[in-house]
Amino acid sequence: MTESDETVDRKDDHVRIVNEEDVEEPGTGFADVSLVHEALPEIHRDEIDPSVEFLGHHLDAPIVIESMTGGHPNTTKINRALAAAAEEVGIAMGVGSQRAGLEDEETVESYSVVREAAPTAFVYGNIGAAQLEEYGVAGVEAAVEMIDADAIAIHCNFLQEAVQPEGDVDARGCLDAIESVCDGLSVPVLVKETGNGFSRETAKRLTEAGVDAIDVAGKGGTTWSGVEAYRAAARNERREERLGERFRQWGIPTVASTLECLEVHDTVVASGGVRSGLDVAKAIALGATGGGLAKPFLRPAGQGTDAVVEVAEDLVAELETAMFVTGSRTVNDLQDTDVVVGGPTRQYLESRGVADW
């Protein structure tokens, strides 16, 4: 089997495992966050406007369908449904790692279908930090062109790579490569984790490198360490299976990572275990630009566009309700509303010296 074939098969494995196996972990920190209720909001529910500007583009709601898949024929239908729903609801969408598309032209349709289904939606591409040295700015630009992307996400997934049987564990020079992409690319660059979060110190280095946004993808929700444990078990790779299980709960909780990143960057997307419009509202009240979700959209995407639209519209309705009962007419108002953080999240923030918490 060639390296390209392995990449393609891995994509199919990931979708199947996330849909079928227990790869969900608690600990995002959203349970420790409370918005202060406004009994007299003094606005009409219909006046609420959840729209935002994100990396120079208008979104009807501050919701991101997070990078999930692409690179296998079975994923074309999924990406088409996700993209069509993003277009209809007016939210953002990212594709999964485009490594497969850069290695094998036969997989390109599984990515390019996104722009076909979403001609005006905000769509971003995706490439791994570990692959930047190999592909260079020209290769990243090719990923942008593949889907006519409005931005590119560079994902950091080194824990996943470390427990993956075929993982790429050479993390040398990634920051310099990210800076080169920021300097030379034609579209904005966001850097995202894949379930383990960013610390304030790492976020500061990324900010200084010139990234336009940070997507925290913190601890909680889908554990990619756990996903790889299932893959390793299927291949009878017992050491990697044990490693994957051991590190299922590794990382910085999503709420804490969001606040750490906001200390050094003003465009932060909260993701990692976000499961409701109320979670999105809490993230925005903490200062995030928006919230990103992946798994809640995956199974509906297999059912078609209408099922994805229903999930997205439910999220928007929950967000708007939270805005109404905090007296927030706009997302800017919601960012200024009162919020209380307690429990383990407060203890974590205090131990890290995060300002105002």
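The structure is a predicted model, in which local features need pLDDT of at least 70 and side-chain atom pairs count only at pLDDT 80 or more, while totals for chains, interfaces and linings use all residues. Residues are numbered from 1 along each chain as its sequence is written, and side-chain values use heavy atoms, with hydrogens and water left out.

Helices (H or I, at least four residues) and strands (E, at least two) are DSSP runs numbered from the N terminus, and two strands are taken to pair if DSSP finds at least two bridges between them. On these terms, a closed barrel of 8 strands runs in the order β5-β6-β7-β8-β9-β10-β12-β13, with parallel pairing. Neighbouring strands of this sheet are turned by 25° against each other on average, direction ignored, where axes are lines fitted to C-alpha atoms, for helices over the stretch in contact, and angles run from 0 to 180 degrees between N-to-C directions. Strands of a sheet pair through backbone hydrogen bonds, either parallel or antiparallel.

Helix α5 (residues 132-147) lies across β7 and β8 (151-156), running at about 160° to β7.

Strand β8 is in turn joined to β9 by 5 bridges, again in parallel, and the bridge partner of A153 in β9 is L190. Because 5 of the 5 residues of β9 (residues 189-193) are buried, this strand is largely enclosed by the rest of the structure, buried meaning under 20% relative accessible area, as against exposed over 50% and partly exposed in between (1.4 Å probe, protein chains only). Both faces of β9 are covered, with V189, V191 and E193 buried on one side and L190 and K192 buried on the other. Strand β9 also pairs with β10 (residues 213-215) in the parallel sense over 3 bridges, and K192 has D215 as its bridge partner in β10.

Helix α14 (residues 305-324) has 20 residues and reaches 28 Å from its first C-alpha to its last, close to the 28 Å expected at 1.5 Å a residue, the expected span being 1.5 Å times one less than the number of residues. Its buried residues include V308, V311, A312, L315 and L319. What covers the buried residues of α14 includes β5 (63-65), α2 (76-89) and β13 (290-293), with contact meaning heavy atoms within 4.5 Å.
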